[in-house]
Amino acid sequence: MYLTFDDGPIPDITEFVLEQLHTFEAKATFFCIGENIKKHPDIFKKILSSDHAIGNHTMNHLKVWKNDPKTYLKNVRECQDIIQKYTNIQSNTKLFRPPYGQISYSKFKTLEKLGYQIILWDVLSKDWDKTVRKEQCFQNVIQNTSQGSIIVFHDSIKASRNLKYTLPKVLDYFTKKGFVFDKIEY
């Protein structure tokens with residue numbers, strides 16, 4: 001199974017996620033916003049030093065439909081420049097998750113030509129949704145996850161209530177069933 005976290009790094013929340021992953025000897029993939037990497041480079045370095053994978057989630061969490069291709073691609077490149085500043089990633093293939101899981105066909109094809117691997121998900125935790133109770137968030141994940149699933153959580157302030165309840169329970173539940181959590185490889 002593949003745990004993924006969008007929108008960080010954010011103080012306290014990303015660090016909570018890292019502690020939980022360490023406790024369960026789990027790896028994950030973090031789709032980071034460039035602005036947050038700039039604000040919190042030490043937390044970003046903690047993700048890297050824990051051997052988790054990193055992906056690009058744009059510089060400013062841009063909505064694909066509200067931005068022309070030039071602006072959108074520039075925003076992706078800015079985030080990639082910051083990621084490369086802190087990593088030793090020399091590969092031509094880069095992980096990318098579009099904010100909101102939305103991307104136009106033309107932008108998808110352009111990013112693909114630039115060496116990006118677009119990563120979506122098959123299990124959406126809905127941890128950010130204030131109308132979803134934390135128990136519902138947990139049930140949503142365990143009822144919809146199977147071997148090979150890509151699960152999306154958010155290491156953000158908005159999602160923290162549901163995330164802090166759900167993540168340890170998900171890790172415990174699936175670890176006891178013999179599953180392993182791995183990072184998405186470049």
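Colleague: In which helix does E15 have its place?

Modeller: The structure under discussion is a predicted model. In this model, the place of E15 is in helix α1.

Colleague: Which residues does E15 contact, leaving aside its neighbours within four places in sequence?

Modeller: The C-alpha atom of E15 is separated by 9.0 Å from that of D155, and the two residues are 140 residues apart along the chain. Once the neighbours within four places in sequence are set aside, the contacts of E15 are I10, I43 and K46.

Colleague: How are α1 and α7 oriented to each other?

Modeller: Two packed helices are described by the angle between their axes and the distance between the axes. For helix α1 (residues 13–23) and helix α7 (residues 160–176), the axes are 10 Å apart and the packing angle is about 10 degrees. Angles under 35 degrees count as roughly parallel. The orientation of α1 and α7 is therefore roughly parallel.

Colleague: How do the residues of the contact of α1 with α7 divide into nonpolar, polar and charged?

Modeller: Helix α1 contributes I13, F16, V17, Q20 and L21, while α7 contributes S160, L163, K164, L167, P168 and L171. By class, the residues of this contact comprise 8 nonpolar, 2 polar and 1 charged.

Colleague: Are the residues on the two faces of strand β3 buried or exposed?

Modeller: In a regular strand the side chains alternate between the two faces of the sheet. In strand β3 (residues 53–56), A53 and G55 lie on one side, with I54 and N56 on the other. Both faces are covered, and these four residues are all buried.

Colleague: Which residue stands opposite G55 in β3?

Modeller: Strand β2 (residues 28–32) runs parallel to β3, and 4 bridges join them. The residue opposite G55 is F31.

Colleague: What is the geometry of the aromatic pair formed by F138 and Y173?

Modeller: The whole structure holds 8 aromatic pairs. In the pair of F138 and Y173, the distance is 6.3 Å centre to centre and the planes are at 90 degrees. The pair links distant parts of the chain, with F138 in helix α6 (residues 134–144) and Y173 in helix α7, 35 residues apart. Its geometry is edge-to-face.

Colleague: Is Y173 buried, partly exposed or exposed?

Modeller: F138 has a relative accessible area of 12% and is buried. Y173, at 30% relative accessibility, counts as partly exposed.

Colleague: Which residues form one aromatic cluster?

Modeller: The rings of F174 and F179 are also edge-to-face, because their centres are 5.7 Å apart and their planes are at 85 degrees. F174 is buried at a relative accessible area of 3%, and F179 counts as partly exposed at 26%. One aromatic cluster is formed by F138, Y173, F174 and F179.

Colleague: What is the omega of the peptide bond that joins G8 and P9?

Modeller: P9 lies in the loop between β1 (2–6) and α1. The bond from G8 to P9 is cis, with omega about 0 degrees.

Colleague: What is the phi of E25?

Modeller: Most residues other than glycine have a negative phi, and most peptide bonds are trans. E25 lies in the loop between α1 and β2 and is exposed, with a relative accessible area of 75%. Although E25 is not a glycine, its phi is positive, at about 50 degrees.

Colleague: What value is phi of D51 near?

Modeller: D51 is found in the loop between α3 (41–49) and β3. At 44% relative accessibility, D51 counts as partly exposed. This residue other than glycine has a positive phi, near 65 degrees.

Conventions
Residues are numbered from 1 along each chain as its sequence is written. This is a predicted model: local features need pLDDT of at least 70, side-chain atom pairs count only at pLDDT 80 or more; totals for chains, interfaces and linings use all residues. Side-chain values use heavy atoms; hydrogens and water are left out. Axes are lines fitted to C-alpha atoms, for helices over the stretch in contact, and angles run from 0 to 180 degrees between N-to-C directions. Angles under 35 degrees count as roughly parallel, over 145 as roughly antiparallel, 65 to 115 as roughly perpendicular and the rest as oblique. Contact means heavy atoms within 4.5 Å. Ala, Val, Leu, Ile, Met, Phe, Trp, Tyr, Cys and Pro count as nonpolar, Asp, Glu, Lys and Arg as charged, and the others, Gly among them, as polar. Buried means under 20% relative accessible area, exposed over 50%, partly exposed in between (1.4 Å probe, protein chains only). Two strands pair if DSSP finds at least two bridges between them. Rings of Phe, Tyr and Trp (its six-membered ring) pair if their centres lie within 6.5 Å; planes under 30 degrees apart count as stacked, over 60 as edge-to-face and the rest as tilted.
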